[in-house]
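Here are my notes on the two-chain model, point by point. Please keep the coordinates open while you read.

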Amino acid sequence: MKVDFVRFKPSLTYDYDNFVVFDENPKNGEFLKGYVVKARSSKELLQKLRRAKMDWFVGVVGDLNVLKYAVMRWRVDLILDFEGRVLDYSLIKMAREKDVAIEFSFARFLRCRGYERSKLFEEVVETLKVIKKFDTPFVLTSGAENDYELRPKRQILEFFEYLGADVERAESWIERLVRRYTDPNYIMDGLEIVGEDP
Amino acid sequence: MRKNKNVSEKAGFFTLERRGLQPTNSVKGLPPALRKKKRYIAFEVISEGDVDGNKLFEAIKETMMSLFGELKFLGLELKHFDGKRGILMCYRESLKDVKFGLNLVDSVDGVRIAIRILGVSGTIKSCVRKFLKG
């Protein structure tokens, strides 16, 4: 299943089956709904998490302390990729234990140049190595805010594969995450409803 | 001496313009085993307005230079561009690098663009047949 996580309602669909549109106020529409929780403290995070409906993907944006708190909440699905995100070793390890995915977005690379982009490359390569060590859930997305930042799935995967990401693993994590919300027969990994009781 | 084949005549529908050709500085007259192996990337440009082929190639070269520097020569040549779709040549060894870099080309002369890679082939003729027909 080819799904992308974006920050706007796309008009180009390329080869994607669906999109998860992340917004602070998700609206009804043809795409899956993603809820962005931007918090500056754990208290604000909790308040905003209470608003989350059951069919919303929940992504968190905040500083390192907020992210560490967010990872411990069952309602949080993933840590979104944003400008100035800081991830540390212990956070990545906790994300594995609490089954929270970490997003890597392609669009961040388009928004910077030169030395900043070089630093971003280094940060992503190092983070991917730690993620591989713990087998932490992670997803590779475009993170697009407009049609010009959107790319076909294959290009995104090849881009991150060049930086050392295990793309097959990433695809399995994103499929698992999406199935949780879209497949009515899915209960958990290895457990699903296959038919009715005769 | 090998004649330049006019692919457009055989393809019929597709006009091949020899725009953006850069004469290479490699050794002439090499036997086939020593010649650089090339790959042709078919791509499509999604843009707000019209994009000029020469300016597009300048933007691609600039991005590749900033990513890989002067030391890495990728063998880039824009073989064809009709304003929307085109063919970019590169060396086989640098194919992954070029595909990586093409993702990061996001504007040409102030016009926002996105490059979508349609496919890769070993010859221009098969590239046209597989990815640019229709």
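How many bridges join strand β2 of chain A to strand β3 of chain A?

1. **Pairing in chain A.** Four bridges join β2 (residues 18-23) to β3 (residues 32-38) of chain A, and the two strands run parallel. Strands pair here if DSSP finds at least two bridges between them. Within this pair, A:Val20 has A:Leu32 of β3(A) as its bridge partner. Helices (H or I, at least four residues) and strands (E, at least two) are DSSP runs, numbered from the N terminus.

2. **Basis of the model.** This is a predicted model: local features need pLDDT of at least 70, side-chain atom pairs count only at pLDDT 80 or more, and totals for chains, interfaces and linings use all residues. Residues are numbered from 1 along each chain as its sequence is written, while chains are lettered from A and ligands numbered from 1 in the order in which they are written.

3. **The chain A sheet.** Seven strands form an open sheet with parallel pairing, in the order β1-β2-β3-β4-β5-β6-β7. Its edge strands are β1 (3-6) and β7 (138-141) of chain A, each pairing on one side only. β3(A) and β4(A) are parallel and share five bridges. There, A:Val36 stands opposite A:Gly59 of β4(A). Further along, two bridges link β5(A) to β6 (residues 101-105) of chain A, again parallel. A:Ile79 faces A:Ile102 of β6(A).

4. **Crossover.** β3(A), α1(A) and β4(A) make a right-handed β-α-β unit. Right-handed means that, with the strands pointing away from the viewer, the path from the first strand over the helix to the second runs clockwise.

5. **Helix α2 of chain A.** In this helix (residues 64-71), A:Val66, A:Leu67, A:Ala70 and A:Val71 are buried. Seen down the axis of α2(A), these buried residues fall within an arc of 135°, so they line one face of the helix. The arc is that of the directions from the helix axis to the C-beta atoms. Buried means 20 or more other C-beta atoms within 10 Å of a residue's own, exposed means 12 or fewer, and partly exposed lies in between; C-beta atoms are placed from the backbone. The buried residues of α2(A) pack against α1 (42-50), β4 (57-61), β5 (78-79) and α3 (89-97) of chain A.

6. **Two backbone angles to check.** Most residues other than glycine have a negative phi. A:Tyr14 has a positive phi of about 45° although it is not a glycine. A:Tyr14 sits in the loop between β1 and β2 of chain A and counts as partly exposed, with 18 C-beta neighbours inside 10 Å. A:Asp135 also has a positive phi, near 60°. A:Asp135 lies in the loop between α5 (114-134) and β7 of chain A and is exposed, with 11 other C-beta atoms within 10 Å.

7. **Chain B layout.** Chain B has four helices and five strands. From the N terminus on, they run α-β-α-β-β-α-β-β-α. The five strands form an open antiparallel sheet in the order β2-β3-β1-β5-β4. Its edge strands are β2 (77-81) and β4 (107-108) of chain B, each pairing on one side only. Of the 134 residues in chain B, 30% are buried.

8. **B:Ile41.** Eight bridges join β1(B) to β5(B) in the antiparallel sense. B:Ile41 stands opposite B:Val120 in β5(B). In the largest nonpolar core, of 79 residues, A:Val139 and B:Ile41 touch the most other members. Such a core is a set of buried Ala, Val, Leu, Ile, Met, Phe, Trp, Tyr and Cys residues joined through C-beta atoms within 7 Å.

9. **The interface.** Which element gives the most to the side of chain B that touches chain A? The contact takes twelve residues from chain B and eleven residues from chain A. Residues are in contact if their C-beta atoms, placed from the backbone, lie within 7 Å. On the chain B side, α3 (95-102) and β5 (111-121) each give two or more residues. β5(B) gives the most, with five residues.

Notes:
Two residues are in contact if their C-beta atoms, placed from the backbone, lie within 7 Å.
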